[in-house]
Protein chains: 2
Amino acid sequence: MAFRMTEQSYLVLLALAQQPRHGYGVAQAVKDLTDGAVRLGAGTLYGILDRIVAEGYAEASGEQVVDGRLRRYYRLTDAGGDALAAETTRLQALARRAHQVLRARPAGQLGFTGRTVASAV
Amino acid sequence: MAFRMTEQSYLVLLALAQQPRHGYGVAQAVKDLTDGAVRLGAGTLYGILDRIVAEGYAEASGEQVVDGRLRRYYRLTDAGGDALAAETTRLQALARRAHQVLRARPAGQLGFTGRTVASAV
DNA sequence: CGATATATATCACTCAACGACCTATCGGCG
DNA sequence: CGCCGATAGGTCGTTGAGTGATATATATCG
């Protein structure tokens, strides 16, 4: 039952943390936040929005009609903000550790030049 | 067909970047790398190993029998190292941006205190 | 003897992600 | 005017990664 914090749902929470947004706006914000790397399709987007609302991480924040088109807004809740902060901390720690690993292992290095660990074949 | 770089497969690549490891060793390394937060079950683990080998990100690196138990080793390839570095860069950028967003939005803040954006209901 | 840890592997199930599709409005182009 | 792309909402079927259960086997500890 537990909510699964995937990267996509994380990005949606992050987009909502910037400001309340409507669905389509969330998709655009995610695209911006990831430099175009992550593009949320409609199926993914509304599925995630439903899930984070069900989890209490966001809530409907009213509707507006702009240029004849309906906009359904969502707002991050405190619980959503907490979850987002926790996940961000986790991500930062992971990124930091990953950087350490890569720094200790420069590109092109094939094992330790000194000796090979129990070279089994 | 494209390989999906999920967090779990990323962690496996990272574990292999530290040093060649056997399956069970990878699971333990991932547990360590994430401070116990991510625990790979057998199904997840071997599924990922098969996928990253199929993708050319890692390769079998021989077998050893230690204490009567078979150990099947895997070694990161150059392609795997590149993919890992690229994903790490992406993660760092995301973490940095997420930090900016959260810094601009301290915990407990409910929208801008000055005015509410076109408060629609 | 049984439990736990090590070590590999398979299998069925679930559900998030994805792409395709649908409706509808607005603005621009020819 | 018709068509297209962008905006905005939504559904639906497929796929496949992740998960837990299960199986096999050995070593160690109590």
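Predicted model: local features only at pLDDT ≥ 70, side-chain atom pairs only at ≥ 80, totals over all residues.
**View 1. The protein surface around DNA strand C.** How many residues are around DNA strand C? There are 21, and the ones that come nearest are Thr6(A), Asp67(A), Tyr24(B), Arg71(B) and Arg72(B). Which elements each supply at least two residues of this surface? From chain A comes α3 (42-54), and from chain B come α2 (23-33), α3 (42-54) and β3 (69-76). Sorted by class, the surface has five nonpolar, nine polar and seven charged residues. Now turn to the DNA itself: 74% of the atoms of DNA strand C within 4 Å of the protein belong to sugar or phosphate, and the rest belong to bases.

View 2. Two or more residues of the surface near DNA strand D come from each of α2, α3 and β3 of chain A, and from α3 of chain B.

**View 3. The protein surface around DNA strand D.** Which residues come nearest to DNA strand D? Of the 21 around it, they are Tyr24(A), Arg71(A), Arg72(A), Thr6(B) and Thr44(B). Among the atoms of DNA strand D that come within 4 Å of the protein, sugar and phosphate account for 74%. The residues of this surface divide into five nonpolar, nine polar and seven charged.

**View 4. Helix α2 of chain A and what covers it.** Find residues 23-33 of chain A, which form helix α2. Which of its residues are buried? They are Gly23(A), Gly25(A), Val26(A), Ala27(A), Ala29(A), Val30(A) and Leu33(A). Their cover includes α1 (7-18), β1 (21-22), α3 and β3 (69-76) of chain A, along with α4 (78-103) of chain B. Just after the helix, Asp35(A) takes a positive phi of about 55°.

**View 5. Helix α2 of chain B.** In chain B, the buried residues of α2 are Gly23(B), Gly25(B), Val26(B), Ala27(B), Ala29(B), Val30(B) and Leu33(B). What do they pack against? Chain A provides α4, while chain B provides α1 (7-18), β1 (21-22), α3 and β3. After α2(B) comes Asp35(B), with a positive phi near 55°.

**View 6. Glu87(A) in helix α4.** Glu87(A) sits in helix α4, which spans residues 78-103 of chain A. Is Glu87(A) buried or exposed? Glu87(A) counts as buried because its relative accessibility is 11%, under the 20% cut-off. Its side chain makes a polar contact of 2.9 Å with the side chain of Arg90(A). Leaving aside residues up to four places away in sequence, Glu87(A) touches Met5(A) and Tyr10(A).

View 7. Chain A holds four helices and three strands, and along the sequence they follow the pattern α-β-α-α-β-β-α. Of the 121 residues in chain A, 38% are buried. The chain exposes about 7,200 Å², with carbon and sulfur atoms supplying 50% of it. A rotation of 180°, with 0.0 Å of shift along its axis, superposes chain B on chain A with an RMSD of 0.1 Å. This is the relation of a two-fold axis. Both copies use the same surface, as 100% of the contact residues of chain B recur in chain A.

Terms used. Residues numbered from 1 in each chain as written. Chains lettered and ligands numbered in written order. Heavy atoms only, no water. Near = heavy atom within 4 Å. Nonpolar A, V, L, I, M, F, W, Y, C, P; charged D, E, K, R; others polar. Buried < 20%, exposed > 50% of the residue type's maximum accessible area, 1.4 Å probe, protein only. Areas by Shrake-Rupley, 256 points an atom, 1.4 Å probe, with all protein chains shown as cover. Polar contact = N/O pair within 3.5 Å; in protein donor to acceptor, adjacent residues only side chain to side chain. Contact = heavy atoms within 4.5 Å. Least-squares fit on C-alpha atoms with pLDDT ≥ 70 in both.
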